[in-house]
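Subject: Structure for you to look at

Hello,

Here is the structure I said I would pass on. Please open it first, then read the notes below alongside it.

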Amino acid sequence: MRRIGLPGAFLVCLALASLCAPLIAPYDPLAEVGQALQAPSARHWLGTDLIGRDVFSRILHGAARTLSVALIALCSTVLIGGALGLCAGFFGGALDWLLLSLSDALLALPSLLLALSVLTLAGNGSLQIALAAALSGLPAYSRIVRATARSVRTQPYIEAARALGAGELSVLWRHVLPNALPSSLSAGVIAMAWAILNAATLHFLGFGGDPSLPEWGAMLAEGRLVFRAAPWIAFAAGAALTLTLLAVNDLARRLAAQ
Amino acid sequence: MLRFAVQRALSALFTLWSAATLAFIALRLAPGDAIVLQLALSGATESQIAARRAALGLDLPLGVQYLNMLSRLLRGDLGVSLVNGRAVTALIGEQLEATLALAIGALLVGTLLGLALGIGAALGGHWLQQLAQALIALLLATPVYWLGILAIYVFSVWLGWLPSISRDNSLQALLLPCGVLGVALSGSIGQMAAAGLHEAKKAPFVQTARAKGLPVHLIVWRHMLSAYGGALISLIGLQSGFLISGALVTESLFTRRGIGQLLLNAVNGRDYPVVQGVVLLSALAYSLLSTLADILAAWRDPRLRRQGL
Amino acid sequence: MFRNVLRTAFLLSCASIVFLVCAGSMFLLNVLTRPIAAAQPAASRIVYGLTLLPSGFDPHINASAELGIPLRSVYDTLVYRDPITKAFVPGLAERWEISPDGLIYTFYLRRGVRFHDGEPFNALAVAANLDRITAPETRSQKAIFMLGSFERYIVRDEYTIELVLKAPFAPLLDSLSQVYLGIASPKALREYGTDLYQLHQVGTGPYQMVEFIPGDYILLRRNPIYRWAPPFYRMDNPAPVEEIEFRFFTDPATRAPALESGAVDIIGELAPLDALALARRDDIALLPQPIPGMPLQFLFNTAKAPTDRLEVRRAIITATDRVAIIDSVFQQLSPVAYGPLTAVTPFYEPQVKQYYPHSREVARRTLAELGYMDNNGDKILDLNGVPLRLIVIVPTWGYAPQVAQRLQSQWREQGIEAELRQVPNLAGLLAAVQSGDYHLVAFNDFGADPSVLNNFYLSDARNNFMRVSNANLDQWLRQAVQTSDPAQRQNFYTGVQGLIMDQALILPIRDYVNLNAHRKRISGLAFDAYGWFPLLANLTLVGDD
C-alpha cells in the first residue's frame, strides 16, 4: 500500500466505485429524478443537469466509461507504441525507417482527420471513440520512446553489457527498457490525458453514439453550454478528470522511481 | 551533407505523398459526397445530381480519381473548392497568417509556462513540487474549449480587460487566444520537462558535477537545457496535429479566422480539394519541423549522419 | 563523456534559443507592424453576430440561410413578402401580372434604381442574373431549383421582363422574393467571375458590401442614395446605422458572453437559458422570432417494424409530453408544435392541434391493445418476445440531442426503450438514413411556402425519410404547387396537414423560434417574412448604453 500511496488508493477506490456504481449511486443516471438544473444540495450532492438527472450518479457511472477509454488508450499506446518505439530506436535499420515513415505520415495529418477516418471505418460508438482517441496519440508516443531508446543505447553501460557478451534481446530487456521506462511512463500519462480529452473533443463535435450515456468529457462539454445557469456540472466533471489524471501521474512517477 | 539533404527531401516527399494518400482514403471512405450534401435540400433530381458529379469527375472509379489528384498535385495545382469554386491556394493563403500568429504565440506561452512548471515539479522544494504537479495534471485535464469559455467570462465579461473577439494579430487581440491555447499546451510540455529533469538529476554526470562542487543551479540549468532541448524540438513537431485541432476550437471561441475552421468546414462538407490542400500544408509544416530537428541532431552528433537518419 | 554531454547541452540550448528568438521576433514583427489597439469601431458601427460559418457566400450559388442575414440588405428582389401578413408587395418590380394559365409572369420594373457601383437597374440586368443562375457552370446549389419550371425570359422593353414557365409553379413569387434570387450588378458579375464575385458583391439594397474577409468578417455600409425600398423598410429612420460588422460565433457558449461584454450588439441563436439570463439585464433586450417552415420534429420510418404500424406511431406521440420538453429544454421560449408546419407558416392549419393529446394512460392502453406487455419483467414492453425498442437518429444541431434525451426518459417510464444514435453532421445523417436502420430521425427545413413539404413527403422525394407512399398526399402536394389560387392551395394544404397527422408520420416537438437579443443602444430590430433575415434598414441607434 505504501508503495502506491495515496494516488494508488484513490485509483483503486475509483475503479471499485465505477464497478459498483449501480449499487452505490444514489439515483439512476438516465432517469429524470428531480427538477432540471438544481444546485448542489443534500438530495443531489452535485446538483442536477438540464434533463433533471443526478450529476453525482452520472459522474459515478461515467467513471467506468471514462476509465475504460483511458485504459484502452494507455494499453494500446504503451504496449503497441512502446514496443514499436523501443525496437525501432534500439535496432535501427529498416524497422526504424518503417516506423518513422508511418508515424510521419500519421503525425502530418491533422488529428481531427485521423480520428474521423477511424470512426468512418470502425463505426460510431464508444469503443471506436476510444480507439480513435488513442490512435491519435500513438505515433507521437512511439516517437518519444524511440528517441529515448536511441539515446540510451549509446550509453557506456550498454556497451559494457554488450562487451560482457549479453545478447541483443537481453540488453534490450534488462538495460534499455528499465532506463527508457520513466520517460515512457510519463509520456504514457500524457497519451492517456490526450486520449481522454480527444474522446471528449470528439463527443463535443458530435461523434460517439448515444448522448445520454454518462461520460466525463461529454459532461464537461455539455455543462459548458449551461455554464451560466449551472456551473456545477462542468466543474464536477472537470474536477473528476483532474483528480484522476493527478493520481495516474503521481502513480506513474512512483512506479518509475522504483 | 548533400546526401543528407537529398535524403531529407526524399523522406519529406514521402511524408507528403503518404499524408495525401491517407487523407484521400479517409475522405472517400467517409459517407456522403460534396455534391449530394450541397443539394440535399434543394429538390434536385437524381439525374441532376449525377450530371453535376460527372462534370466534376466525381463519378470516375476511385483509382482514376486518385491518379488524377496525384497528377494535378505534381503539376502544383491544388484545385478549386467544390463548395464556392475558389482556388484552394487562395482559400488557404488568406487564412494562413492568422493561424501562424496564433500558433507561434501559443507555442511561446506554452513553452515558457510549461518550462516553469516542469522545473518546479522536478527541482522545487516539496510543496512547490506538489503544487506544480497538481497544476500540470489540472492543465492536462483541461480541454481548450472549457479553458477558453472560462477565460472569456473572467477576462472579458467580469473584468472587462480583454476583448473576446480577436479581430487581428495585434497584441491585445492575440493575448487571450494565444494565452488559452498556450496554457492548454503547457500541460504536456511541463510534463515532458519534469520527466526529463527527473532523469537528468539521476544521471552520473550530474553526480560527478556535484562531487566536483559545481553550484547546483549551474548544473540544473545546463542539464535542464540538455534534457529539455531535445524534447522541445520533438514536441513542437509532435504538437503540430494538436495545434491545428486546438486552433480550430480557439478560432471558434474568439471568432478568429484560420486554417482550423477551414478544415472543419471542408471535412463536414466533403470539400475534397480543400481538405487535401490543408493536409498537404500540415504535412509540409511537419516535414520542415522534423527536418530542422534532424539537422540539429546531426549537427550535435556527426555519427548520426553516417548512420543515415 | 561529461564534455560530450555538456557540448550537447550547449548546442541544444542554442538551438532552442534560436528557435524561440526566431519565433518571437516573427511574432513581435507581426504585432508591431499593426496598430496596438485595433481601431475602435465608429460610434455608428455595430457588430452583428452570425452563428454559422458557411463555406460559400454567393446567394446565386450557395444554399446556406446564414448568408442571407447580411446579404438580404445588400440586394433587392423583384418582389418582397410583408413580414407580418406574408403578402407579396412590390420590390424592384412595381407591379406584375400572371397569365391565367399560370405560365407567364410579366414584371414591370421600377425606374431610377442604381446598383452600388452606379450601374442602372433594368430588364437586361434581371436577364443577366437569370442567365448566371441557370448557367450550368455556375453550379447553383439552391437558386436554380427555386426557379422550378422556369424555361426562359423575354425582355419586352427596358423596364418589362416576362418569365415563361414550362408548367405552372405557384411558389415562383415566393422564390423571387428571396435573397437567393437577389438582383446583382451585371457589371460586377462580369468583372469578378463565378469564383470571386462573392468577395465583391454589388446589389441595389439599403446596405453595400465594403469588405469581406472569409472566416473573419463582412462589413456593410449604408447606401446613402437608397430610395426604392419596399413598404416595410423604415425610410424616415432618424439614426440609421452607418456600418455593420458581421462576425461568426460558431460556438454557442460564446454568444451570451459576447453580448454581455458589449463585443457584439445583436446576436441570434442564443441558448434558451442564456437568453433568459440576458433578458434580466437592463441593457439587453430579448427578441424571440418564430420561423416559418417545418418544426423541430422526428420523422417516423414507416418501413421498419414496429413503427410501420400506425397504432404504434400514434401511441408514441401520445406518450410524449411535449409541454414538459418545451418547459425544460426551451425554457418555455418556443410554442409546442402540432403538425408538419409551424404556426407562422402560410397555409398552416390549426386543426392539427386536436391530434394526439398527451396521455400516458391512453398510450399504455393503445400499446396493450396491440399486445405489448412486459412479459419478462425488464420494464420494457414486448410483443412475441421482441422488446419495443426504437432507434433514434439524432443530429447535433437544433437541440435535438437534449430533446431526444428527454424523449428517451419519458418513453422509458412508458416501457418504450430508445437507443439514441447521434450523428455529427449532415453527411452522417444521410448515411444513417440511407442504411434504413432507424425508427425516428430528427430533421426539418425552413421556408415561407409550404412547398418545402414536397422535398420530404412526396413518395419519390429525396428526403422521404418516412418512406411514405400515399397517393392522396402525392396528388395534393403536386396540385398545391400547380395552382396559384390561394383558396385552392389552402384546401390542399389543409388536407396534407391533416393526412400527415392522421397517419402519424411525424412527432412534432416545437415550432422553431430564433432567440435574438440586442443591446439597447439599438432599437427597431425586426425580421423579414422568413424569420431569419433582419431588416437592417430599420435599425436605429438610440445612443450609448
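A helix here is a DSSP run of H or I with at least four residues, and a strand is a run of E with at least two. Please keep in mind that the model is predicted.

With those terms, residues 173-197 of chain B are 100% helix and 0% strand. Residues 135-161 of chain B are 78% helix and 0% strand, and their end C-alpha atoms lie 24 Å apart. Both spans come from a UniProt record: an unreviewed entry gives the feature "transmembrane region" at residues 100-123, 135-161, 173-197, 231-254 and 274-299 of chain B.

Helix α8 of chain B covers residues 171-202. Where does α8 of chain B bend? The bend is at S186(B) and comes to about 30°. Of the 32 residues of α8(B), 24 are buried, so the helix is largely enclosed by the rest of the structure. Buried means under 20% relative accessible area.

As for chain B in general, its secondary structure consists of 14 helices and 0 strands. Read from the N terminus, every element in the order is therefore an α, given how helices and strands are defined and numbered. The chain has 309 residues, and 58% of them count as buried. If you take the contacts in chain B between residues at least 6 apart in sequence, 71% join residues at least 24 apart.

Chain C has 16 helices and 22 strands. Its C-alpha trace spans about 95 × 75 × 50 Å along the principal axes. Among its 545 residues, 62% are buried. Chain C exposes about 20100 Å², and carbon and sulfur atoms supply 53% of that. For contacts in chain C between residues at least 6 apart in sequence, the share joining residues at least 24 apart is 70%.

One more item involves chains A and B. Which residues make the nonpolar surface patch of about 450 Å²? They are W97(A), L98(A), F14(B) and W17(B). The elements giving two or more residues to this patch are α4 (93-108) of chain A and α1 (2-29) of chain B. W97(A), for instance, sits in helix α4 of chain A.

Regards

Notes. Residues are numbered from 1 along each chain as its sequence is written. Chains are lettered from A and ligands numbered from 1 in the order in which they are written. This is a predicted model: local features need pLDDT of at least 70, side-chain atom pairs count only at pLDDT 80 or more; totals for chains, interfaces and linings use all residues. Side-chain values use heavy atoms; hydrogens and water are left out. Buried means under 20% relative accessible area, exposed over 50%, partly exposed in between (1.4 Å probe, protein chains only). Contact means heavy atoms within 4.5 Å. The bend at a residue is the angle between axes fitted to the seven residues ending there and the seven starting there. Patches are made of residues with over 30% relative accessible area and no salt bridge: like charges are joined within 9 Å, nonpolar side chains (Val, Leu, Ile, Met, Phe, Trp, Tyr) within 5 Å. Accessible areas come from the Shrake-Rupley method with a 1.4 Å probe; for residues, only the protein chains shown count as cover. A salt bridge is a side-chain nitrogen of Lys or Arg within 4 Å of a carboxyl oxygen of Asp or Glu. UniProt positions are given in the numbering used here, feature names are shortened, and annotations may be inferred rather than shown by experiment.
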